Amino acid sequence: MLDIQLLRTDLNYAVEKLNSRNYSFPVDRFNQLETERKKIQIHTQELQAKRNTVSKQIGSAKSKGEDTTAILAEVANLGDELKQSISQLEQIQSELHKMLLEAPNLPHDSVPKGKDESDNLEIRCWGAIPSFGFEIKDHVSIGEGLKLLDFEAAAKLSGSRFSMMKGSLARLHRALAQFMLDMHTQEHGYTETYTPYLVNHDSLYGTGQLPKFEEDLFAIKTEGDAADDAHTTGLYLIPTAEVSLTNIVRDEIVALHSLPLKFVAHTPCFRSEAGSYGRDTRGLIRQHQFDKVELVHIVHPKASYAALDELVGHAETILQKLELPYRVITLCTGDMGFSAAKTYDIEVWLPAQNTYREISSCSNCESFQARRMQARFRNESGKTTLLHTLNGSGLAVGRTLVAILENYQNADGSVTIPEILRPYMNGLDQLSAAGGQ
RNA sequence: GGAGAGAUGGCCGAGUGGUCGAAGGCGCUCCCCUGCUAAGGGAGUAUGGGGUUUAUAGCCUCAUCGAGGGUUCGAAUCCCUCUCUCUCCGCCA
């Protein structure tokens, strides 16, 4: 959520920033509402102040046993007038609030200006793109060829965009998550976290999935979930552990000395991907359910950009240890996600697609989520201040598995297991049809 | 699922209609005193918003006692709904 103070004092600046990410803020309506708001809020508060003083007079008069009918007559109409004023004010406030909830974050000054993904900026590349002396297969052919990947079974159980892994492939999937967790907890200083996979409305508002992106979520309709009391009964499957981890500090005032907080969790993620029909229909790339190891930093505002670099580095380390080629790009203003002020995407090389594909997205949300969540800390002078929140994948487990299958494939259809994962595989060094179980 | 109890400031805890944003204690901050330590004395110590302002200073003001609604001139206190916590029973991994 944007800072309404900023919009009041420097609206043009904010609007220009928002334009750069293809969002047009309803300036005229905002100004109109603000004028109204100011007028009505002052009026409301005057009425309240009057009511308060008169009520106190009545109180003291009664305690002295004096007659109060005259004073009571004086405030006879006050109640109705106040009620009306409050309801007007609430209407305006709620429209303003909605306007704020729907506006995306302002891009950081260092973010390249651009319209869409074609304007993203590659900032570094790591690893050599492999060449194969045989005709390569994509991960689906590899997995199905080894009888370790079964989309038909998943479709029978659940429908399209689900997958079933078996045997050594399922184990490799587990090994990947374990490896990532171990790296982040033992080498990178994160606190391992087990979180709920079902979260409430407030949490999703906090990180910015609601109110705008409800269609991307899977909602759980609990018993008695009437539309009007959705706030108390509606739960959603998390689309990312960013929601669970970041909301840890919702409505909290954390102590300065406990910063930074760094959390990591391995969770499934659920996305309805409503807008993506026809994209990546084949394979594991775009699923309704996938696993991800998520990294979240809760930091002092002064430290957030250093934390972003650190976070990206942590995700890169995983790919380096796995010896998978990748590149890091800075998303341009037009391609960034709703809550982000700056985002680096890490893209891994997928030989069968002959291109890099996103495997991690690391964002600094600055105070955007913190403001929605009222997540604060007590600063050096004791004043409560909004925190900065960051999140990034470290990494998407399913897509990492895809990258391994494709980059480590052999001519005979088997797949070599990256060195670093072998301890997690009971020493197994390749996936093959024979060793499938 | 059944029965009961509860939710107040950083923590504990008082407060069942009137000057209560809230006694008291603990903790914390500052000051004084004490040659260290211990003890003692004094002051301060919630959050969010609005107005004014060059100001995140000051001043004025509003709201908030789990959440939302209601009664009332006035609600922490009375009524309704919900959420959460605890105890007992049942069920269950």
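How far is a phosphate oxygen of RNA strand B from an N or O atom in the side chain of R378? I get 2.8 Å, a polar contact (a pair of N or O atoms within 3.5 Å).

I note that this is a predicted model, with local features needing pLDDT of at least 70, side-chain atom pairs counting only at pLDDT 80 or more, and totals for chains, interfaces and linings using all residues. Residues are numbered from 1 along each chain as its sequence is written, chains are lettered from A and ligands numbered from 1 in the order written, and side-chain values use heavy atoms, without hydrogens and water.

**RNA strand B**

I checked two further contacts. A polar side-chain atom of Q5 lies 3.0 Å from a phosphate oxygen of RNA strand B. In the side chain of Q48, an N or O atom is 2.8 Å from a sugar or linking oxygen of the RNA strand. I then looked at the residues near RNA strand B (a heavy atom within 4 Å of it). There are 25, and R8, R37, Q45, Q48 and R51 come nearest. Helix 3 gives the largest share, 14 residues; helices here are DSSP runs of H or I, at least four residues, and strands are runs of E, at least two, numbered from the N terminus. Of the RNA atoms within 4 Å of the protein, 73% belong to sugar or phosphate and the rest to bases.

I found three strands in the order 3-5-4, with antiparallel pairing (at least two DSSP bridges between two strands). Strand 3 (198–200) and strand 4 (219–220) are at the edges with a single partner strand each, so one side of each has no neighbour in the sheet. I220 stands opposite L235 in strand 5.

Key
Polar contact = N/O pair within 3.5 Å; in protein donor to acceptor, adjacent residues only side chain to side chain.
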